[in-house]
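Take a walk through this model.

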Amino acid sequence: MCTLEKRGDLFLLTLTGDGEHRFHPDTIATILSLLEQAKSQSKRGSILITTANGKFFSNGFDLAWAQTAGSITGAANRLHQMVESFKPVVVALLDLPMPTIAALNGHAAAAGLMLALSHDYVFMRKDRGVLYMSEVDIGLSMPDYFAALVRAKIGTSAARRELLLSGKKIRGEEAVGLGIVDSAAYDSEEGVVEASVRLGEKLAAKKWSGEVYASIRKSLYPELCGILGLEARVFSTPKL
Amino acid sequence: MCSLEKRGRLFILKLTGDGEHRLNPTLLDSLRSTINQIRPDPSSSQSVLITTSDGKFFSNGYDLALAETNPSLSVLMDSKLRSLVADLISLPMPTIAAVTGHASAAGCILAMSHDYVLMRRDRGFLYMSELDIELKVPAWFMALIRVKIGSPAARRDVMLTAAKVTAEMGVEMGIVDSAYDSAAETVEAAVRLGEEIIQRGGDGHVYGKMRETLLREVLVHTIGEDESGSSVMRNTGSKL
């Protein structure tokens, strides 16, 4: 389902296997526990890179599982459960005491795209993979924290409209133009991961304090933190 | 410390001497009282303020060495800078920062508190150093960053990589309005811009009020909670 590997300073979180890497409550719980593990082992110079195998980064929540509840109310409850249980994943990433990079090997849709956007940097492929907020097409309402995350990370109203309201499948080059991802210059899964590793190593060399980093990160997104109930913690004793 | 020159309708405020122009309580008081001299000047509603500096530094931020000897001075310096920035935001005339040297942390905030930022491209950078030196970033700094830097990626680069932003980078990021080949040219350009603005006409008092409304989020942070405990009366100089 997913693994956490340590490669020198880098923590590599991988959604494994060739499927759609849909978020079922069990997947979400696993991701959360791996993030907690990375946090507990973090030190100056730690970096997190999140990626996946195959055609998909993640296609979002496990809607099929929701539908097997057998009734409309049952399905709605299961969906609600996934929406609620995914919030701590976003919180954990905002709180993580190290720079974070999402290396998109393939498609990222709905909650899968939210996972990507919860990282400090997002790289995607030029040749493959789309970003897609499917909610408008399948008639799902947008959780408030999804919208807050989009507002926090995507600056222009045109870009937010294209992403959330048009049902568009956005490819790498356009995603860069809209300011949704940092770079889409890569022609392969290896390429995008290598670029993430290169950036990771550059950032790791700064040996920043993870606590300071996370505090400044959270202060960049006050609306999102408010909705998630996250408070930026205060620290003192500056290095002179 | 600082000097004030009147050139036609232009006020030129200069941080004098070859030092780092650290924002210690004395310099902050001097800057505030100088700006308060400008306000009641009869021509003030048809003037422009240009702020610049001598030497290698615009300002290297708070006097951290001083704060180390007496931690309550951190609170005092922050409170005084907040008042100074509130004064600049309510000033009944357009303001131009002619950045001819490094501006770091609180010094960068001071530069960015002006309506226009003109900067030399051959030397010097804007640098929100807090991540590198493990210094707390006040919430009101973040409010100014959010209001003055539009792109989420640029804000992230400034705050979460502690980027040393040259004039050219600043222009790309939308932090700097224009870049010039030397210190002298930067000041000349500021004077030209100031004169153009004056030519357009308009009432500085109206301008000041509109700026306060536009930057309300910053003002709320600067005058809302005053940690020093004193309530500061702002003289807006309004004719009403």
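What follows takes these parts in turn.

This is a predicted model, in which local features need pLDDT of at least 70, side-chain atom pairs count only at pLDDT 80 or more, and totals for chains, interfaces and linings use all residues. Residues are numbered from 1 along each chain as its sequence is written, chains are lettered from A and ligands numbered from 1 in the order in which they are written, and side-chain values use heavy atoms, with hydrogens and water left out.

Start with helix H10 (residues 210-220) of chain A. H10(A) packs against helix H7 (residues 152-160) of chain B at an angle of about 150°, with the axes 10 Å apart. The two helices are therefore roughly antiparallel (an angle over 145 degrees). Their crossing is right-handed. From H10(A), the contact (heavy atoms within 4.5 Å) takes in Tyr213(A), Ile216(A), Arg217(A) and Leu220(A). H7(B) supplies Arg155(B), Arg156(B), Met159(B) and Leu160(B). By class, that makes five nonpolar, no polar and three charged residues.

Next, the sheet in chain B. Four strands form an open sheet in the order S4-S6-S8-S9, with mixed pairing (two strands pair if DSSP finds at least two bridges between them). S4 (57-59) and S9 (164-165) of chain B each have a single partner strand, so one side of each lacks a neighbour in the sheet. S4(B) runs parallel to S6 (residues 102-104) of chain B, joined by two bridges. Phe57(B) stands opposite His102(B).

Finish at helix H7 (residues 157-164) of chain A. Here Ala159(A), Glu162(A), Leu163(A) and Leu164(A) are buried (under 20% relative accessible area, 1.4 Å probe, protein chains only). Their cover includes helix H4 (111-117), helix H6 (144-153) and helix H8 (172-177) of chain A.

Key
Axes are lines fitted to C-alpha atoms, for helices over the stretch in contact, and angles run from 0 to 180 degrees between N-to-C directions. Angles under 35 degrees count as roughly parallel, over 145 as roughly antiparallel, 65 to 115 as roughly perpendicular and the rest as oblique. A crossing is left-handed if the near helix is turned anticlockwise from the far one by less than a right angle, and right-handed if clockwise. Ala, Val, Leu, Ile, Met, Phe, Trp, Tyr, Cys and Pro count as nonpolar, Asp, Glu, Lys and Arg as charged, and the others, Gly among them, as polar. Buried means under 20% relative accessible area, exposed over 50%, partly exposed in between (1.4 Å probe, protein chains only).
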